[in-house]
Each structure stands twice: as structure tokens, then as C-alpha cells.
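Please walk me through this protein structure.

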Amino acid sequence: MTLVQVIALLALGLSGRSLAFVPIGGGAPTHISITGTALLQKVTETCQAVADAAGHDFKPTGLSPEELVQACLGPTATGEVSGAKFHSALQEIYTQNGLVDRDFVNSAPHHFNSEAFLEGRRLITEGVLAIKANIRNKNFKAARETLGRVLHTLQDFYSHSNWVELGYTEPYINLIRPDLPLDNLADVDTATCSDCSRGTCPNPILRNILKEKKLTSGYMGIFSAAKPKEFGPMIRTTDADIMKREISKLTAKGGGDHPEMCLSGLQLALTGAPASSDIYVFTDATAKDIELKDTIVALIRTSKSTVSFFMTRVLKRRRRSLRAGSFEDYKELALASGGQAIQVSKGQLPQATDIILDTSTSALVTVLQRARNPGKQETFTFMLDESLTNITIYITGTSISFTLTNPAGVSQSHNEASGKLGTIKTAGNLNRIRLNADSQTGAWQIKFNSNQPYTLKVTGQSTITFIYDFVERFEGPHPGYAVLSGRPQAGQPATLMLSLIGRKGPSSVSVGAVSLVTVSGPETESHGRATEMGNGDILVTVGAVPEGEFVVSLNGTDKVSNNVFQRQSTTQMSVSKVNIKAVVDSSAEPGKALELPFSVKTQGSGGKYSITAKNDRDIHMSYPESLTLTAGKYANATLTIKPPASTPSGTAVTLTLEAKSASGVDSNYVVLRISVVTKITDFVPPLCEVVSVLADDCPQDVSQCGPFQWEFLANLTDGNGTGIEKITLQQGNGNLTYTSLSAPSVQAHYTASCCSQNVEITAVDKVGNVGKCYHSIERSAGPPALSLSLPLWLCLLLSALVGRP
């Protein structure tokens, strides 16, 4: 397995952006701290193993995740590697872990309360199946989210049961093995603890329960429309040659109606690509499926992906469908995501696509982005710090006049293609300014003098950045902050959770000011109150949220260089008086209906609100098309989705649910991810039977091993299971061959030099169960044995916690 494959789960473009659940209270271990410690420890172990196998050193310069990322990639990494997406990938797991305390606060199985051991184990084992199925289909985001929830329930077993009090110091393997029994469970009617109503009880568990080794848990009572086809399928690859080959297959045929299914294709990209991706749309036509525009905005905001449009207008005018959109829709979507709307002729397109090369880095940051429509005379100031490289300024618009001035007062105008400050290239409505590589630190200015609409974006490469999410506080046994899926609520302060990422970990940067700023004029700025939460996390409360669309702006200090830095988020957000609550509690099964309850409330005027649901798999759904709301009260409803029986196990479905007022002025949304998983009963790993070992020729003196070889022969079987899918050589420098995997019994034959004295063969069945066959010819070694490793899906998940530029 290559390094790219190993890190794929959390690093396929590394999806990042969700902010972690942050518990309130003292310094005691929490679900998040326990999960984080374990994940980083396992990542360190895995990176060490990968480095050993690749033959290079693994020597992190410190303990921060940023330094771990760089060290793990080793000499294969070129240039700077940002730790932002690594943080985000971890935090996707943390977020879902923490949300169990909010979304399932009164569910006994989710917390192993009320003797719900069998039900709790079912949640774990079904979650494991979903994770493995998602990984097999490269749906890594869904796998990470499920892992977070499963880990919470697993952790609560040890926290809420008497496992430790019974004297056990090892994990309870039966929790992840449904084929093994859960023995000696206390019945719900069995007395297990003393009455503590009169005060505290240091040892509440009854002596006979401990003596009989009965497993018991705690008790806690907190509360006594079909999508049209002409687009897809989506092709996903990390191989540049495959991408080129697929692009070369694209041809134009049919047509004649001008509007195309552009937004349906974009929906596939937004749901299939990792979060925080850069997505490029090439089109010469308006959108026929303009009804998806709100869904696209919701997916952009949820994924924090940037969408840029390259628009080549056709010369011949054609009749537009009443349902079709306009090119202005593309401009609005680009602005909402922080992308560019570039209008060029087809001949100019190669020059305009330089922007794709500019953004092909994990360390891309935005310093400033603004838009004006109509344009006006205005001067924008932005701060460039010492860590920034490859600084590029993008300006879109026609007949735009501007002057750029550096901190020393040197200026360059728009009509100087090659000046003292940089090089300006023009293609269509795009001006691309690449600044010279000499000293650029300090406050810059760019002055516009035009009444035509224009956009401005300043970017660079730097590992100093931040990630954020809007959050809301929740109460319960483990209160904290949960990430909002939709828009923040109007009429109340907005709350954000920020994570600072520096060159030497979060302690190497400090925050100065955080504010919400409108991108389109007139410009307003609302400053936030920041509270340090520890480990680089900062809680920001903004009392007066700007009207309209806004972004997050942050100023801080890089302690490495003592430079002030400026960063800005790209995705625009706005507030809403509508609130939607919906939770996915389980996986869907092919051919069976899954019901998803949801609730809608408005703080505005009541009345009829339209309900719209879309999913990226064209799966039939039923739900009420409207709900009548009373201000301040939730209205409850149910959405039912039934994946076809032919749906492959491991399919991830992204569902967007939206509620909109009759006037269309106010709306909100929630984005849900559902895993479709076939019910599986095979939990037994493949078995290994050693047939023969021929090592008599190997000398006692290992220094004389060179001319000699040994052989190892074994039969690998999966009994009545799903069958062996893959056999790999995990340890040993010899040659491994094996017979057909479709046979009931697979014969593996291994030959090696007597200098390579150990062999380990891994067999994986078709649902991800792993068995290992190990043998050593070292004279002190014991008999051959079959060892069961950490499940492959968990190894992949943990070893994938590093990014790649």
C-alpha cells in the first residue's frame, strides 16, 4: 500500500473544516481529549512504521500536529505543508463524538446506561460496518463522522459501567465482536448499587455484584422530488494521468436547448469532493436546473469549498427555458464561496486557467476579498506578513482602473504589465497580478477608480491560518458547543469556534481581533469578543451581526517572526430566523425505508413554510411539501428515504433539507449524511493453517545465511464467510504467491533468503475482517500462530491523519 493510499481516509484533499466540540468545565479528561490523545498516539506509531518501511527517518521537531504532519510526510513532501486540514480532519471526528451528548442525551444505548449493553454494542458494531463499507467506497468523510460517534459510545462503556471496578485492565474485545457473547450481565431488575439519596457514596456498587463479576451500568435520567438526468457520473481519482485520460474522453453532443444541467453536476462535485476543496466549473451555457441553487449554496456553506466558474459565452442566441438561470447566478455562487467568476473567450481559456495552478497547494490562504456592484472609487488596505509566498491578486471586471502601492510607497498601475511590484496578466475579465518575490512585508493598498462591477481577492501560501465554525451551546451531562449545520440564528449573538494554526503549533501565534465583515458594499464590520479555550481553540461571540452576507476576518501575530498577519475566510454566511433540527441515528439498508424525523421553528412571522429536500443519489424521498409554523414553536415532521435494493453497500448519501418562508425572504437548511450499508453477519476473520516449513538448509550462524533459502506454505480460508478478497505480505523480504482467491481454500507459498527470518501474511475478507499468519525461523521462536491485528479499517483511519500538499 502506497503512502497516498494509507493516508487517503483523512487526507483525500483533506476534507477539513468542522470545529471540535469543546466541553465546558475543568481540566478533567473529556471525550475529546481522550480521543485526541489516542488518535495522535496512533498516528505517531503509524508514521514511524511508514517511515521505517520507506527507509527514512521520522523525527518530528516538536509535539504539535503541524510538526507531526511535516515529519510524517518525510522527504516526499516538497514545499510547505499546512496543518489546517490535518486539524480539520481530526476535528470532524471530535465534532461527531461531542454531538452524541447533544443529539442522543436521553438514549441509554448511546451511553451504555440502564443496562443497555446489547443495544450499545449494536450501535458500535453497526457503526464499524458502516465505517468499513464507507472506506471501501472512499467515502472518508462519512467514515470519520461515524467513527466519532462510535468512539463516544465505546468510551462511555468504560466510563458508565463497572468494567474497571471488576478489576479488568484490558479492553473488552466482545464490544466489537457481535459473534462473541456479552456474559454475566446484570438484569434491569437486579439491585446493583446502594441508595445514595442521603449523600455521597464513595463505593456505591454492591459487594455481591463485584464478587460475582457482574457487569452493570449506570442509570441517568436527564429528561423524566426526483432529479433529472443528462449529467454525471462523478469520477474521483488522485492519479493525474487518470484525470487527464477522463478529461480527454469528454465530447460535446446533442444540445440545442442551451441551458444545461450545470448545478446538478456541481452538486455531485460538492458532495463527492473533500471539504475545503477548490472546484472549477467550465461552461458556455446557463443552468437549466436553477431550482438547485439554494441547495448548492447550502452545500458550499457546509463544505466551505470554493467554486470558480470559467464562462465562455456562445455567440448564437438561443431561447431560454423559463426554469433556466442566468450567468449572474454563477457570479453569485462564485462570490458566495469566495471563488471567481471569469468570463473569457474559448481562445483565452488557457491563460485564465493559471488560477488552477495557483490554488494547487494545501497552504493557500486568503488575505482579503471584496466585491463592489456597482463599482466606485475606493481604496482597500491589506497586510502581508513574512510567512506569505507566491502572493497573487485577482481582479475581475471590465474596464477596471486600479493602482497598487507597497509599504514603501512604490506604485504600479493597471496598464503596466511588468512593473516594479509584479506582473499583470489579463484574460477576458480577469486580471492576475503575481507580486515579485522581494520584500513584501507590511501594509499594502490598492485603489480602484471605476463605476463598473469588480471583485478583488488577495491570496498567498502560508501555514499560518485558522479554521472555524459557527456553533451553539448545549447543556446536559457533558455540556459544550456543537457545530451548526445551517445558518446562525437571527436576533441573537453569533458564536464561532476558531482554531489557530501556526508554524510551530497554536502557541506560536496569537489572535488580535476577530470580526464579521461584509464582502459586498457598503462595508460593515462587527467585532467579536474572544475567549481562550485552550490548545489554540478560541470562542468568539459577536453581539451585532452585520446585515446580509459576511465572512470571518482575523488579525494576529506570528510569534516566530513577530509579524502581524491578516487572514479571511472565503465562504459567505448570513443569519436566519428559521431553525431546522434533524439527526441521522442509523445507517440505511438497501431496499428498506429509513425515517428521519425533523423539526422546524421560526422566530419571525408564522405561516406556511415550504419544505424542500434534495439528495445527490437521486433516491426517492417522501416528506411534507409545506409546514404551517407558529412563531417560537417547533413543528414536527418526518422524511422517508428508501435506497433501491441494488444500492451498493458503503454508498454515502448527502441530503439537504430546506425550509423557506412563503415570501422567500427567509430560509434555513440542514445537511445530513446517510450511509447505506448491507446487513452483514460475517464477523469472523480468515483463518490460517500452516502446511509446511522447509528451513533445514538455513545455517545456525545467521552471518552465513546469504546463499540459502527457506520456504513457507499455508492454507488460508474464510469458512462460511464472505470470502477472501486480498492477501498481502506485511513482513518479509521474500516472494509471495498464492492460488485463486475465488477458491474455498487459498494456498499461499512464500520463499525467502535465510537472512529474512520472519514472514507475516495478511488476509482480508470482503467485509473487512482481517487475519494474520505469522511465522519465524529464528531459533528462539515459538510455533507458528495466527494473530489478529487491529482492524484494517481502524488502521487506515488512524494512519490517515496527515495531509499532503
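A disulfide is a pair of cysteine sulfur atoms within 2.5 Å. This is a predicted model, in which local features need pLDDT of at least 70, side-chain atom pairs count only at pLDDT 80 or more, and totals for chains, interfaces and linings use all residues. Residues are numbered from 1 along each chain as its sequence is written, and side-chain values use heavy atoms, with hydrogens and water left out.

By the sulfur rule, the count comes to four disulfides. Take Cys 688 and Cys 773. Their sulfur atoms lie 1.8 Å apart, and they form a disulfide. This pair links distant parts of the chain, 85 residues apart. Cys 688 sits in strand S30 (residues 687-694), and Cys 773 in strand S36 (residues 770-776). Strands (E, at least two residues) and helices (H or I, at least four) are DSSP runs, numbered from the N terminus.

Are these two cysteines buried or exposed? Buried means under 20% relative accessible area, exposed means over 50%, and partly exposed is in between (1.4 Å probe, protein chains only). Cys 688 has a relative accessible area of 18%, so it is buried. Cys 773 is buried too, because its value is 1%.

Another disulfide joins Cys 705 and Cys 755, with sulfur atoms 1.8 Å apart. The torsion about their S-S bond is about 100°, so this disulfide is right-handed. Where do its ends lie? Cys 705 is in the loop between S30 and strand S31 (709-717). Cys 755 is in the loop between strand S34 (745-753) and strand S35 (758-765). The pair therefore ties together parts that are 50 residues apart in sequence. Cys 705 is buried, at 7% relative accessible area. Cys 755, at 42%, is partly exposed.

Now turn to Cys 47 and Cys 72. A disulfide joins them, S to S 2.0 Å. The torsion about this S-S bond is about -90°, so the disulfide is left-handed.

Next comes the nonpolar interior. A nonpolar core is a set of buried Ala, Val, Leu, Ile, Met, Phe, Trp, Tyr and Cys residues joined through side-chain atoms within 4.5 Å. The largest one here has 43 residues. Which members touch the most others? They are Leu 266, Phe 309 and Phe 470. Helix H12 (residues 293-303) gives this core its largest share, five residues. A second, separate core has 29 residues, including Val 578, Val 584, Leu 596 and Ile 619.

Contact means heavy atoms within 4.5 Å. Leaving aside neighbours within four places in sequence, Phe 309 is in contact with several residues, among them Leu 266, Val 281, Tyr 330 and Leu 333.

Thr 465 lies in strand S13 (residues 465-474). It is buried, with a relative accessible area of 13%. Beyond its neighbours within four places in sequence, Thr 465 is in contact with Ser 82, Ala 84, Val 365, Ser 499, Leu 500 and Ile 501.
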